[in-house]
Amino acid sequence: MNRKFPEGFLWGAATSAPQSEGAQYEDGRTPSTWDKWFELEPEYFNQDQGPQETVQVYKRYQDDVKLMSAINHNSHRTSISWNRLLPDGKTVNEKAVQFYRDYFKRMKEEGIEPIVNLFHFDMPWWLMERGGWEARESADHFAHYAKVAFQQFGDIVHYWTTFNEPIVHVTCGYLADYHWPKVHDLKRAVQVAHHTCLAHAKAVIEFRTLDLDGKIGNILNLSPVYPRSERAEDLKAAKDAHAIHVKSFLDPTVHGTYPEHLVTLLREHDLLPETEAEDLEVIAQGAVDFLGVNYYQPIRVKEVPEAERHHPAQSLEDFSRHYDWPEKRMNPYRGWEIYPKGIYDIAMMIKEDYNNIPWFISENGMGVAEEERFIDASGEVQDDYRIEFIHDHLEYALQAMEEGANCFGYHLWTFIDCWSWLNGFKNRYGYYRLDLETHERTPKKSAHWIKDVIASGELPELNHERK
């Protein structure tokens, strides 16, 4: 197998504004749902670790850009804080403009391409009070915010994305207690998904109207869906899960249409969202130039016993159930399966079913708790487990590229250990270790390893069996 990466391959890492910037209410920034939720119910958050300071990138970005360059990164993905740039949804915050322009310019000066995302789960509180993504007006508010961002930074930023994992704020906020507003209502979740698709498309339309020198995409968490068996019932569960978890946002993003099987499922269960006549025409204009693909683990499913099925459906468990594959290899800290071959299967799906659209691995990573256990005498985290994780996924990415997949980059989650929602700093993901008291950044073994990989442009062999 060819172990060389193509010229111009984008190497880097990913983070987000709410997980890294800090400076919670400084220089005009107003609260997001995460800020308010922590104030209302801090007991939900690991060790009372809220979003106040996180990694202090707002104050330390000049040095952080140097750290990116130090390990040969040529790209970096972060997001803009909607409630920093437009604190009331209307008024441009000039201090935010100054911060982001300087941050992105410094990246460019170091040969680092900024890839800038617009929404990473951080709904402004002023809009949540008006209904959040359940309110149809949210799509127009988002389009306005996107237009302002494009106008303010479009001369520097050439890679834009609208959302990070849009299905997550749907499932975690409207079918679970992991995001605000902690609603458990499938009908409302579907409405939120539709308004999110509208928001994405309207932002893409604004981008095209401005005729900027750049490209626009969307970042989706794509997980291959594997049935327990070849029995018809398990295959049906897998088809339904694929429509819900993969095609729901992938089809509108690439093809500009909702997947037919998903529409049929929703209609059968009286779950179709409220729409207006022009909605499908708007969504048709939301097709993107490229995809970001976040991949952590596969989805394994089995049939739902008829006696346990609700009709109409009340939750996603009425369509499929999780299958606990006995041969799985796990990351015990995060509770996620480690299955590197999934990235190859995703690549082949994109090649065959989605016009071989250009895409990059926009997140992939391994969160590990109590990494101080692995600090050696020199003070460096010996994260060989992370090196193995990255290596194995890159190996399957290379195989896919050799077979024609249009993959143009790899970003680890994350650059510096960052704050992670309800989990706080429980699990660490970064190339750089963050000291929570001093905020000092220290490179881990994986940082040195990836620096050498990038310098050589070639993936080295590791002495273990690929899985």
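## Overall architecture

The model is a predicted one. Its chain contains 15 helices and 17 strands. The radius of gyration of the chain is 21 Å, close to the 23 Å that the globule rule gives for 467 residues, so the chain is as compact as a globular protein of that length.

Of the 467 residues, 58% count as buried.

## Helix 8 and helix 9

Two packed helices are described by the angle between their axes and the distance between the axes. For helix 8 (residues 166–174) and helix 9 (residues 186–210), the axes come within 9 Å and cross at roughly 155 degrees. Angles over 145 degrees count as roughly antiparallel, and helix 8 is therefore roughly antiparallel to helix 9. The crossing of these two helices is right-handed.

On the side of helix 8, the contact involves P166, H169, V170 and Y174, and these residues meet A189, V192, A193 and T196 in helix 9. Sorted by class, the contact of helix 8 with helix 9 has six nonpolar residues, two polar residues and no charged residues.

## Helix 14 and helix 15

A second pair consists of helix 14 (residues 384–402) and helix 15 (residues 445–456), whose axes come within 8 Å and cross at roughly 35 degrees. The crossing of helix 14 and helix 15 is right-handed.

Helix 14 contributes D384, R386, I387, I390 and H391 to the contact, while helix 15 contributes K445, S446 and W449. The residues of this contact divide into three nonpolar, two polar and three charged.

I115 lies in strand 3, which covers residues 113–119. Is this residue buried or exposed? The relative accessible area of I115 is 0%; buried means under 20%, so I115 is buried.

Leaving aside residues up to four places away in sequence, I115 touches L10, H76, R77, T78, Y159, F360 and H411. One of these, T78, is 37 residues from I115 along the chain, yet the C-alpha atoms of I115 and T78 are separated by 6.6 Å.

Conventions. Residues are numbered from 1 along each chain as its sequence is written. This is a predicted model: local features need pLDDT of at least 70, side-chain atom pairs count only at pLDDT 80 or more; totals for chains, interfaces and linings use all residues. Side-chain values use heavy atoms; hydrogens and water are left out. Axes are lines fitted to C-alpha atoms, for helices over the stretch in contact, and angles run from 0 to 180 degrees between N-to-C directions. Helices (H or I, at least four residues) and strands (E, at least two) are DSSP runs, numbered from the N terminus. Angles under 35 degrees count as roughly parallel, over 145 as roughly antiparallel, 65 to 115 as roughly perpendicular and the rest as oblique. A crossing is left-handed if the near helix is turned anticlockwise from the far one by less than a right angle, and right-handed if clockwise. Contact means heavy atoms within 4.5 Å. Ala, Val, Leu, Ile, Met, Phe, Trp, Tyr, Cys and Pro count as nonpolar, Asp, Glu, Lys and Arg as charged, and the others, Gly among them, as polar. Buried means under 20% relative accessible area, exposed over 50%, partly exposed in between (1.4 Å probe, protein chains only). The radius of gyration is taken over C-alpha atoms; the globule rule is 2.2 Å times the number of residues to the power 0.38.
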